[in-house]
Amino acid sequence: MDEEPERAKRWEGGYERTWEVLKEDESGSLKATVEEILYQSKRKRVIESHGQVRLGMMRHLYVVIDCSRSMEDQDLKPNRLTSTLKLMEAFVDEYFDQNPISQVGIITTKNKRAEKLTDLAVQMYCVCVCLCCFTASPGNPKKHITALMKAVDTVCVGEPSLYNSLNLAIQTLKHMPGHTSREILIILSSLTTCDPANIYELIKTLKSLKVRVSVIGLSAEVRVCTVLTRETGGSYHVILDESHFKELLMLHIKPPPASSSSECSLIRMGFPQHTIASVTDQDAKPSFSMSHLDSSSGPGLSLGGYFCPQCHATYTELPVECKVCGLTLVSAPHLARSFHHLFPLQAFIESPVENLQGDRFCQACQAELKDKSVFSCPSCHSVFCVECDLFIHESLHCCPCCIYRQTAP
Amino acid sequence: MASEDEINLLVIVVDVNPIWWGQQAQRDPQFTLSKCMDAVMVMGNAHMAMARTNKLAVIASHCQGSHFLYPNKSWSGGDGGGNDASSSGDGKYELLSAANNLIAEEIRNIMSKIEVTGNSTDTLLAGSLAKALCYIHRLTKELEVGQEIKSRILVVKAAEDCALQYMNFMNVIFAAQKQNILIDACVLDSDSGLLQQACDITGGLYLKIPQKVALAQYLLWVFLPDSEQRSQLVLPPPAHVDYRAACFCHRNLIEIGYVCSVCLSIFCNFSPICTTCETAFKIQLPQIVKPKKKKLKQPM
């Protein structure tokens with residue numbers, strides 16, 4: 001059934017003599033080795049940039065959480081379910097931070113069935129004269145986080161069903177527009193699955209719908225998941241411990257490279273102004289915020305807010321889809337948050353500190369360069385220390401000295 | 001009251017664009033760069049005098065680079081090195097007088113030694129803010145166990161914005177917001193949209209000063225209290241921030257635009273090809289609807 005050879009398993013390779021990594025120096029101290037190991041782990045975090053690869057910025061992601069009996073296992077403290085839900089709350093926050101115009105939905109599976117915990121937001125079909133497009137409205141993490149917090153009390157019973165949960169996700173994902181990326185992330189702890197039909201047929205359907213499925217296994221590698229992720233182009237990992245689990249979850253926050261066959265289109269969006277009016281302004285008219293129509297807390301009159309440029313409906317926060325006219329409302333910083341994925345910063349060149357002439361100071365933080373290697377930017381040749389290099393690549397995404405030399409925005 | 005272990009760090013970024021300051025000296029001889037630096041030094045001294053654990057850093061933002069005025073690379077940490085500099089005859093706290101002398105000397109060095117190429121009056125603040133963030137990050141890493149640090153950045157801006165640095169500026173703002181660092185802005189001349197967005201996103205204060213000669217007064221009254229104390233004071237109200245995006249083709253501010261799904265560039269008009277990433281867009285032709293033939297009622 002599968003023609004590609006599977007990668008070699010760990011027990012098939014030779015012995016790894018892990019004790020030989022630790023070397024003592026003359027005084028018997030392990031300090032140098034420990035520092036070296038910490039340094040290597042810091043460097044590992046700076047992942048290579050993809051360059052000019054197209055990324056799927058508007059993502060529709062479904063997360064399937066296994067709620068079967070095996071989630072009550074206590075190898076992750078206090079039990080697997082609580083630990084997973086806690087990590088998912090952090091994931092949802094970070095996801096909306098890095099992908100402000102994307103969507104997430106959560107599905108749980110137990111007792112051979114699957115059900116939606118939270119949904120991707122409702123889509124609006126908007127027709128204008130020369131172009132037809134689907135739009136899905138941007139997301140709000142609070143709804144998902146409240147649902148996750150309530151889910152801690154669910155009883156874990158029965159067996160999960162991969163087929164049913166994938167089917168449920170496909171029902172919504174297949175209607176999503178072609179220019180968005182459709183993804184499913186499955187957190188599977190059980191080693192079995194109970195499917196009503198042949199899952200290999202479903203894998204073919206997923207492939208034709210261009211859905212990318214990734215799996216994070218909590219117990220062990222399951223062959224069906226290996227085939228599923230390989231055919232759809234996703235990734236499959238099994239966790240070692242809780243910190244590894246967190247690392248694997250956070251890998252899915254970066255937008256994946258877009259497949260070459262995804263369509264590209266121009267999406268119509270509005271950029272409302274934020275008006276802050278006080279009671280003494282003569283023109284200020286109080287209005288209800290449209291976003292509170294659904295919430296149970298009573299609608300509040302407010303003087304300011306964001307006004308939709310098309311229909312002047314009021315909203316208190318962005319991004320949001322106007323309920324009256326269907327226009328997606330964002331603010332320019334929301335789009336700017338994703339720019340660093342599209343124009344990633346080049347990796348800096350490592351060189352030993354002895355080659356450096358002149359002052360040995362990091363040009364970003366003014367610290368003395370005491371590490372054994374320094375990093376220099378390939379375009380402006382300024383020198384940075386290890387900590388600044390990490391900080392620049394993880395949070396800042398721009399070189400502090402290149403700004404004075406480049407003219408591109 | 002702040003506990004003994006909480007360090008309050010204030011980083012002041014001063015815009016020292018020599019062309020703007022030269023023109024300013026001709027326009028209004030009462031307010032020159034030296035007066036501005038005096039006001040900044042007063043602010044720095046006041047901040048350090050508020051608590052023993054307060055720290056200060058001053059960065060000068062030149063059009064060709066940004067330089068740390070205080071603490072400097074040759075600054076050995078406050079004692080030992082400065083034997084002649086720190087003994088001021090008037091009984092001032094040594095740290096303050098040493099800091100003032102250092103700032104004055106450094107700014108003199110910078111203004112005299114750096115040759116100005118070109119005649120742009122724009123300032124590139126994003127680089128100085130990025131260096132300020134790296135400095136704050138380094139100090140956060142160097143903390144001892146049990147100490148906490150709260151940092152904020154105060155920008156004293158003179159010249160106009162440079163539109164080229166939009167993306168870098170936004171990256172810096174988001175990095176500051178992530179680390180809970182406030183960015184305050186004190187603008188001397190023309191309003192700056194970028195700084196208004198920075199203050200709005202990070203939760204800082206934005207103020208355009210009506211009278212430049214009173215700079216020290218505004219700095220002390222408005223920007224000296226830290227974020228906890230600000231909730232109890234009546235401060236200038238937040239400015240109206242223009243979050244409209246500028247279209248990539250004409251640089252006009254637009255309210256409704258078209259966004260490319262691949263590279264997120266914003267256009268004011270629909271076009272079949274994105275100019276940034278050169279993707280051709282799929283246009284779906286409208287469905288041709290045949291008009292229904294209505295049977296007209298024959299008049300009797």
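Guide: Of the 17 residues of H4(B), 14 are buried (under 20% relative accessible area, with a 1.4 Å probe and protein chains only), so the helix is largely enclosed by the rest of the structure. Before we go on, this is a predicted model, where local features need pLDDT of at least 70 and side-chain atom pairs count only at pLDDT 80 or more, while totals for chains, interfaces and linings use all residues. Residues are numbered from 1 along each chain as its sequence is written, chains are lettered from A and ligands numbered from 1 in the order in which they are written, and side-chain values use heavy atoms, leaving out hydrogens and water.

Helices here are DSSP runs (H or I, at least four residues), numbered from the N terminus. From its first C-alpha to its last, H4(B) reaches 25 Å, close to the 24 Å expected at 1.5 Å a residue (1.5 Å times one less than the number of residues).

Now let's pick out B:Thr140, which lies in this helix, residues 125-141 of chain B. A polar atom of the B:Thr140 side chain lies 2.5 Å from the backbone oxygen of B:Ile136. An α-helix has 3.6 residues a turn, so residues three or four places apart point the same way.

Technical notes: Helix = DSSP H or I, 4+ residues; strand = E, 2+ residues; numbered from the N terminus. Polar contact = N/O pair within 3.5 Å; in protein donor to acceptor, adjacent residues only side chain to side chain. Buried < 20%, exposed > 50% of the residue type's maximum accessible area, 1.4 Å probe, protein only.
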